[in-house]
Structure formats: C-alpha cells, structure tokens
Amino acid sequence: MTLSTTQALTDEGRRALIGTMVLIRTYEEAIRAVYYADKKPAFDIGAGLVPGEMHLSAGQEPVAAGICAHLTPEDALTATHRPHHLAIAHGVALRPMTAEIFGRETGFGHGRGGHMHLFDPTTHFSCSGIIAEGLPPALGQAFAFKREGSDRVAVAVTGEGAANQGAFHESLNLAALWKLPVVFVVEDNDWGISVPRARSTSVASNADRAAAYGMPGVRVEDNSVEAVYAAAGEAIARARSGGGPTLIEVHTLRLWGHFEGDAEGYRPDLESVQEHDPIPLYRDRLLESGVLTDGQYQAMQASAVEQVEDAIEFAKNSPTPDPLDHLSYVFSEGVNS
Amino acid sequence: MTATLPSHDQSLALAIEPEAGKRKLSTAKAIQEAISQRMVRDESVFVMGEDVGPYGGIFSSTTGLIDRFGPERVLDTPISESAFIGLGIGAAVEGMRPIVELMFADFFGVCMDQIYNHMAKIHYESGGNVRVPMVLMTAAGGGYGDGTQHSQCLWGTFAHLPGMRVVVPSNPYDAKGLMTAAIDSDDPVVFMFHKGVMGLGWMAKNERSIGAVPEDEYLVPIGKARVAREGTDVTIVTISLSVHHSLDVAEKLESEGISVEVIDLRSLVPLDREAIVRSVSKTGRLIVVDEDYQSFGLSGEVIAVVAEHDPTLLKRASRVCVPDVPIPYARELEYAVLPTPARIEAAVRDAVAI
Ligand SMILES: Cc1ncc(C[n+]2csc(CCOP(=O)(O)OP(=O)(O)O)c2C)c(N)n1
C-alpha cells in the first residue's frame, strides 16, 4: 500500500487510502465488541478477554492512512496510548498485534505489553502509554538512519494534549538542531480526555510552535486524508533528502470516548459527532467522483472483515502465557547478557 | 515568607470512631469529603490536575468539587506535570495549600525533579525557613490489566527520598482522616490511593473499600499504624489493598486455629517502627506483604527495623511482594506477580510451620 513520496495522488492511491481507513475501522469495531462482550452486565475494567484501558482510534483514520502511505517498513513510527490505527496503516501484522492485545503468548510481547505497548521490530513500530514519550526515541531512530547514510525516516505521532509536555518541546529543538530525518505529527482531536484544547493550549495551532524551533509547521484543518497525504508527502520527502524535521498538526476527530467506558458527559458535541465520521464522507466523495465503485468498496469491506476475523480468531485460539514464566524477559539472555 | 505562617488548627477531634454515625462511604467519596470540608474552612486550599474538574478525577478523587467550588479553585491543567506540580510548590511556598493530582503514580517520570529535588528539599535547603504545605495525590496499583506503565505502586521510591511524607490509606475512614491531616500538614505529603480501595463502580472491589465514615471532620494522624486485626501466631505488616487481602486470609485461617495479626502501616513516611516491633515481639513471625517491587523497598525496610531492634525476636521473616519484574499485562502473569490472597496464605502457613 506504500506510495512513492513524490508521486501525486492517483485514483489507485485514493482507493488505497480508503481501503486502509476501512481496515482500521473494521479492526477497532471488532476490538470494541470483544472488549465489551464479557464485561456485562456491570462494566468491570479488569474482566474479560481484553482487560485494562482501551483507547480506540475511530475518526482518526485519515491521519494514519495519509501519513503511512509514504512510509516503508524500513521507516520507524512511534505512536501513543492510542496506537492501533497507526500500526495497521504502517503494515504491522494483525495476528501478533491482536494476540498481544489479548495478552497471548503469540503476541508481539508474549502478553507482557498489551494494547499500549506494541513493539514490532519488522516495521520499526512502537508505542508508549506515557504522554509525549514516543518523541525522544523517534529522534534516536532518525539519528541512526542518518548515521547509516540511508534515506529512512522516523515519524513520531502524539495527541494535541501531548504538545504541552516537556518532552515534546525538547524533542523539537533537538531534532531541528541536529537536522534529524524525523516528522512530528500531532493528532488534534480536540480533547485530552475531558479537557478541550482551548483549556489546555495557549495557541490556536500547534503548527505555530514549529517556528520557535526553526522548522516548518503545517496545520491540516479538516481531517481530510488527501490533505494529510499531501502535507506528509512534502515533510517526509524533506526529511529523506536531508532537509530536517517538520511538524504537522491534523485537526482530526475522536469519534468515540477517550477510552472505552468513557460516558463523555463533558462533551457538548456528542450529538453531532457522528456526522463528521471521515469514512462515509470520503467514501461518498470517491463514489460520486467515480474513483470508487460500490463493488470495490464492498470488496474492501469484505477483505477487511476477513483479515480482522482471522486476527481475532488467531488471538482467541492462541495459548495464554504460562504463569510460571512470569520472571522472563526482564533482561536479555545469551552471550552478551 | 512562609516561616510566619500560622500552622493549621490542630484542635480537631482525633478520637472520632469509625463506627460513629454508621454512614457508609467509598474511599473515593471519603477523600472528596475531606477535601471539600477543608476547602470550606480554608480559602487557600485548591485542587489542580488533569481531569479533576468536570470529569471529577479519573478515579473519582475529586467528583463534584468543581460544582461546589468553581473553576477558580478546582483547575483542570494541561498535560504538563512538571509545570503544574511546580506551580503547586510555588503556591505552597507563598502560603496556599494546593492539592495536586498526578493521575497515576507511574507518571512521576515526567515530573520527578519538581517532586524530589524541589517539593521535598526546599524546607531542608532553606534551613526550615520555607515550608511547602502541599498534597501530591496520586493513584497506584494494578490488578485490572493496565500493563507496565499504569499498574505500579512505587511508594517505596517516594519513601526512599527524604523530605516527603508518604501516606497510603487502605479504607474510607482512614482516607478521610489522613487526607485532612495531609492538607493540614506543613510538609509536603504524597497521598497515594490504590485504585482497588477506592470502591469504584467499574472495577472489582473488596467490600472493605466501602465503610463507615463520620460526617464531621477528623484527623487520622500521619505516622501511626493501625492494628487492623489482633493475633498471636504471625504478624503481617502491610499497606493499602494488601491490607484487605491479608484480613481475608486471617479470617479464613482463624477457623484452623492460626491467629494472624495484621498491621496496616497507613504511611511509609513516617514509618511506625514501634508498632512493627510491638507486634513481632508478640508473634515472633513476620511477613511483609507489599504490592510494590520487592527489592530495595518497604518490605526490606520493615524486616530491617526488627533486625536492628533485636534480631532474636525473629523466628521467621518473609515477604510477599511483586518480584522484580514490571507488572505484566496478561492476567495470568499479572496475578502471578501480585501479592494475592493465595500467596499470602501460603506464606502464613509456611511461617507457622516453623
Ligand atoms: C505523562 C502522562 N500524563 C498523563 C497521562 C494520562 N493520559 C493518558 S491519555 C491522556 C490524554 C492525551 O490527550 P492527547 O495527547 O490529546 O491524545 P488523545 O488521547 O486525544 O489521543 C492523558 C492525560 C499519561 N498517560 N502520561
């Protein structure tokens, strides 16, 4: 699904973007169903097949699809507590990812990590549950890529809430100072849990903050996957060619709660939020302009359902970790350990 | 500046009994009530943190406070812990009494400098001339599958660093009285509640997380342990949610004629060394149950207290803690590392077999 950075968006490219978005949504809907299935009648966060906090990404698919269309598995991506859309768009394999979310031995981390701690060395994907803490490691990955003389890039994604954390600002400065091939992406979904951006952030656009660190800053206003694609294409091309970092902020949408179980009583736009769902909006545009046919869309959906069902079945049928094995993996084992 | 501040009114009753009035509250509600009552009495008390306003705190430590006191005194902050914890320190230095919530203790990593190099050291560095009367309230503990970065207790880490009192209530009565004492304290207090003792509707809970709480204000003095259950064969020294598990085990083993004494420390700093020694003098067998990591922490400290006092008191000392691994995500693994009732029971049986 990777498209060359310099290429203008073709119709095939547009279909690839909606295809990625559909796959992500299908995945999140399935995880959501599994998450709630055995937490009834009373919601108990620790119960069921998938325990703990669950941060799903519905509504933010355009960011993941638009950015990752320019990446190869050789490029690094660091994500947040809300990582699934980025993992999927970056081509992380669904089976071990899902098994990790289910806490199974076949998961990326053999069940040690869980949904906020997915590490896939094959695609250089990682995430963290601590706000803004994915930025500094992305600098290091970019540093290593630069030292090896390659044109690989690292992309660090955070929410707009994270842009008020010290690590965010330290990272921007250092990346610009050392001209690292890194792209910072802020997903502005208007909310940091219950706190609206107007009550957390002193500027209207985080893209404005880029100037303070001597790097270009772009704000994509309307959760449009094509606008994200264009902005990311430019930023990633700049990074690949030695032009240093860029900050992109995308005004996106949190379609569901901060985490599952969040009643969102604090949210005044709850009634109208579904109207802004980017998937039907983009789909209809592509259908109307003849880029996409109903048949193609249905085929995308069917393929997504098949992949997701396969991953969930794989996870469900995988063994749980052996409790006696609870001391493993703290340190490496082998000649250098 | 602050040296001239009058100390808070300490004349409040210390002696109100938990059963007085018999009204029952969850630990979360008890904390809210303590904060609310002090905010009524003292204009200088304010609450600050992430999602403490309309959301009411992720673990309901501040529910309803914004409705009562307004956004000037209950402030949602950006996700900028260094900045707002530091702000709390500065406000405290100038005579306010901030209650600052760090959403999870696990997040101290992004703001520890303000906590241990500033909040905890200013009084010392100033030769006692500057006080930092603030409460740093934070959630701790696991057991619900939240993984390595959202399940840690870490109280031993705070307690290791001089200059902050570290309070860890196990039940609603203590939580209210200790929070009141924490607000009144002229020293910084880290007030750590385990999510599993809060009595939340959306998390499995022990029945002891809901209990009798007097409506009036009262203090539970910081630094005094509580004998949660008297016994003669073995002493369990513990804290927080592990108190509940230890009491469950003690009740179960009573029918077999094993008599377990359970000491709820209620705070790590100050540590009630006398209470520990007193109990072990009676039983000769000591088990420390702690949901924090095992090495270099509370459990070793408690055993050292007895060993330094009189090693001949000890027929047996052991600990039931989290072995030195991060808290795993998968339930099977998480429950293999947590100090579960089953592990506590095995330790008691092992101890009395000697
Ligand atoms: C250092 C730190 N502080 C607080 C939190 C708790 N927390 C988790 S997600 C979140 C909100 C994040 O908002 P944003 O960055 O906008 O991302 P979004 O959740 O909207 O995707 C907060 C406060 C955390 N995980 N880490």
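1. Accessible areas here come from the Shrake-Rupley method with a 1.4 Å probe. Keep in mind that this is a predicted model. With that settled, chain A exposes about 13,300 Å², and carbon and sulfur atoms supply 55% of that area.

2. On to what sits inside. Of the 337 residues in chain A, 58% are buried, where buried means under 20% relative accessible area.

3. For overall form, a compact globule with 337 residues would have a radius of gyration near 20 Å, and chain A agrees because its own value is 20 Å. If you'd like a box to picture, the C-alpha atoms of chain A fill one of roughly 60 × 50 × 40 Å along the principal axes.

4. What is chain A built from? Its secondary structure comes to 9 helices and 8 strands. Looking at contacts in chain A with a separation of 6 or more, 74% of them join residues 24 or more positions apart.

5. A word on charge: chain A carries 25 positive side chains and 44 negative ones. The centres of these two sets lie 3 Å apart.

6. Where is B:Leu314? Look in the loop between α10 (298-309) and β14 (316-322) of chain B. Setting aside neighbours within four places in sequence, B:Leu314 is in contact with B:Val280, B:Gly284, B:Leu286, B:Val306 and B:Ala307. As for B:Glu251, it lies 63 residues from B:Leu314 along the chain, and the C-alpha atoms of the two are separated by 24 Å.

Methods:
Residues numbered from 1 in each chain as written. Chains lettered and ligands numbered in written order. Predicted model: local features only at pLDDT ≥ 70, side-chain atom pairs only at ≥ 80, totals over all residues. Heavy atoms only, no water. Helix = DSSP H or I, 4+ residues; strand = E, 2+ residues; numbered from the N terminus. Rg over C-alpha atoms; globule rule 2.2 N^0.38 Å. Buried < 20%, exposed > 50% of the residue type's maximum accessible area, 1.4 Å probe, protein only. Contact = heavy atoms within 4.5 Å. Lys, Arg positive; Asp, Glu negative; His and termini not counted. Charge placed at Lys NZ, Arg CZ, Asp CG, Glu CD.
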